[in-house]
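Hello,

Here is the structure for you to look at. My notes on its charged side chains follow below.

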Amino acid sequence: MIQFIVVVLCVAAVVGYFYFGGYAQKIKGFKEEAVLLVRDSTPETFCETLTSVVYDNKGQVISTLKGEKDVYYLSYKELPFYATSAIISIEDKKFFEHKGVDYKAIVRAAMAALEKGEVTQGASTITQQLARDTFLTQDRKWERKVEEIFVALELEKKYSKEQILEYYLNNIYFANGYYGLQAASKGYFNKNASELSLSQTCFLLAIPNGPNKYNPLEHMDNTIARRNLILDNMLGDQVISQNAYDEAINEIIELEMVKSEKKDYIETFAYYCATRALMERDGFVFKTSFSSEEKKREYEQAYQESYNRWNEALFTSGYRIYTSLDLDMQQQLQEAIDNELSKFEEIGEDGIYEMQGAATCIDNDTGMVKAIVGGRSQNLKGYTLNRAYQSFRQPGSSIKPLIVYTPALERGYKPDTKVLDMPIQDGPKNAGGTYSGEITLLTAVSSSKNTIAWQLFEELTPEVGLSYIKNMGFSKIVDDDYVLPASLGGLTNGVSTLEMAKGFATLENDGFCRDAGCIEKIVLNNGAVLYEANQEGVQIYRENAARTMTNMLQYVIYEGTAKSISLGEMPCAAKTGTTNDLKDGWFVGYTPYYTTSVWVGYDLPRTVEGLGGGTYPGKIWETFMNQIHEGLEPIDFLPPVTYYGPEEVQEMTEDEVVDSEDEFEIENFETVTLTFEGVGVPEGAIPDNAIDVVVTTNGL
């Protein structure tokens, strides 16, 4: 009784707030809009599909997304009895009694929420769900809920209960691109809905309640559990007999999937990015750090629900999705991987090449993806794993610039700082087992000395080092990674080529990290812009540290572990990476134009003879980058800026100036800016009243 009184008071308070807070007119508008929406609808409204279209950066069509409800539409008479009775039993027991809204269910849900502190019961009727899926958006704001109620009430005035059930069962989403019961029946069991058993029918009707949670291709146990719940409800409602229940609940479900045409790597990535863009617009906040495992689980559940909701919308909302993807570059990257790995012909039981490669290319002007390849080309049907963003592997030494060397540069280290390459007790060995004694930091980077990276990482602490890639959104860093082996790429889950490209593009972009997606904008069918990318970026590294790191990584190609790789006159910087026992090979590099990361290895890790960052991955990178830079003018990377006090500069001699026609430029009487090749300035060039001096050098 007390709970009921609380609910009534809350409802009264809300009603008063709406009317006296100026919301009454807004709600009136929702009702008027609902009347118009339903008035203009016809039976054809519920079998139409708005086709969404994905475009590349030149306006060419990459893909179309259509639910094909019109192809698999079933009239009410064609719907199996078990289907209609099952959905009523599990979703809306009062369906034939209410007028579109079950007010008692709303009160029960509110009381349960008050008691448990969270929403644990749904209150939407079948009619409300139809209203939402057909006429409204997928967001969860109160305005949408109010409008949903008004639309449901109007639907019940215009259409019969049988028509509403018909429209509902032909519109709900059954995961994996299947809309409507007939499409799901064909897709999962390769038969018509009329041929389904009771158990199979309930199995399918388990999916729409949570298409991600109950997706039978990924969570069969969940789907079976909900099938059993539906059967329990039907038995309790006396819709089925005990014998029918026993037979159905003991039936073994075996899927007979109809293989659909494979979605290309560029398509799957575009769908993924478009879905996340819609989630972002809806207010979802993406996270990679959590205060507890419970918070992580809560986030993952919320993420899955939101992702699934907006992924569904791609198939039915008629979006125009404009991307940064370049079909020509995509083909070039695919061919570079295919050709370099062509001699590896071993095929697994699933018919897929066992030796694989993946790569991601980012446009450094925008920070957005231009091409992404998740594996070798094969003429296969069915689901395609896009390894470029869905697979995570240990990065080896390629991670060092991101978590060791650039952070060290921020803390006072310089390219010519002397470090000691020596054996470390219980520490790592260098490649080849040799040690060079006292060397410069530049030499340590270019020759990829493990001992130096280990020592610097220990000085930084793993917490500090890994914080940089966590702040860039690297998604698979776990508590067990906060150890010294992480400095050499020893991560529990690893990284993806998308993340590595994003990290190195951040170095090229003066330390500013941008979202490495591909969606420039999403436009509604009526021309209104629904989403537009914001690529301002967040500063991860200090500008000078990022520029200095870029200078140092140029030496990896000039004289280090990647000296066999060349882009001719085009300046480039890179880092190689190879894991223990030659199981993973990485090459991540960039020019002022593009950043590309490449991974090569087996899906189930095993030793690859001759694998190294500069071998297969490096050659893929070299081939592709030479092609996409053809005809582009060589551009130097921006040089680091070195700050000196006036006295330090005055002490420099003219002999220290190297090849400088325009030795200096005085901007004002307080700050002097000097730009030339070397480090130095003619004696007496600095005004006596100069406070600060900025010296920009084009070399180390």
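Is Lys93 buried, partly exposed or exposed? Lys93 is partly exposed, with a relative accessible area of 45%. Buried means under 20% relative accessible area, exposed means over 50%, and partly exposed lies in between (1.4 Å probe, protein chains only).

Two points on the source. This is a predicted model, in which local features need pLDDT of at least 70 and side-chain atom pairs count only at pLDDT 80 or more, while totals for chains, interfaces and linings use all residues. Residues are numbered from 1 along each chain as its sequence is written, and side-chain values use heavy atoms, leaving out hydrogens and water.

Now the salt bridges. Each is a side-chain nitrogen of Lys or Arg within 4 Å of a carboxyl oxygen of Asp or Glu. The whole structure holds 20 salt bridges.

Lys93 pairs with Asp237 in a salt bridge (2.7 Å, N to O). The two residues are 144 residues apart and link distant parts of the chain. Asp237 is partly exposed too, at 34%.

Asp421 and Lys449 form another salt bridge, with the closest N and O atoms 3.2 Å apart. Both residues are buried.

Lys619 meets Glu622 in a salt bridge at 3.6 Å between the closest N and O atoms. Lys619 is partly exposed at 29%, whereas Glu622 is buried at 14%.

Lys58, Asp326 and Asp328 are linked in a network of salt bridges.

Lys470 is a contrast: this residue is buried yet has no salt bridge. The nearest side chain of opposite charge, Asp479, is 7.3 Å away.

Best wishes

Terms used
Lys, Arg positive; Asp, Glu negative; His and termini not counted. Helix = DSSP H or I, 4+ residues; strand = E, 2+ residues; numbered from the N terminus.
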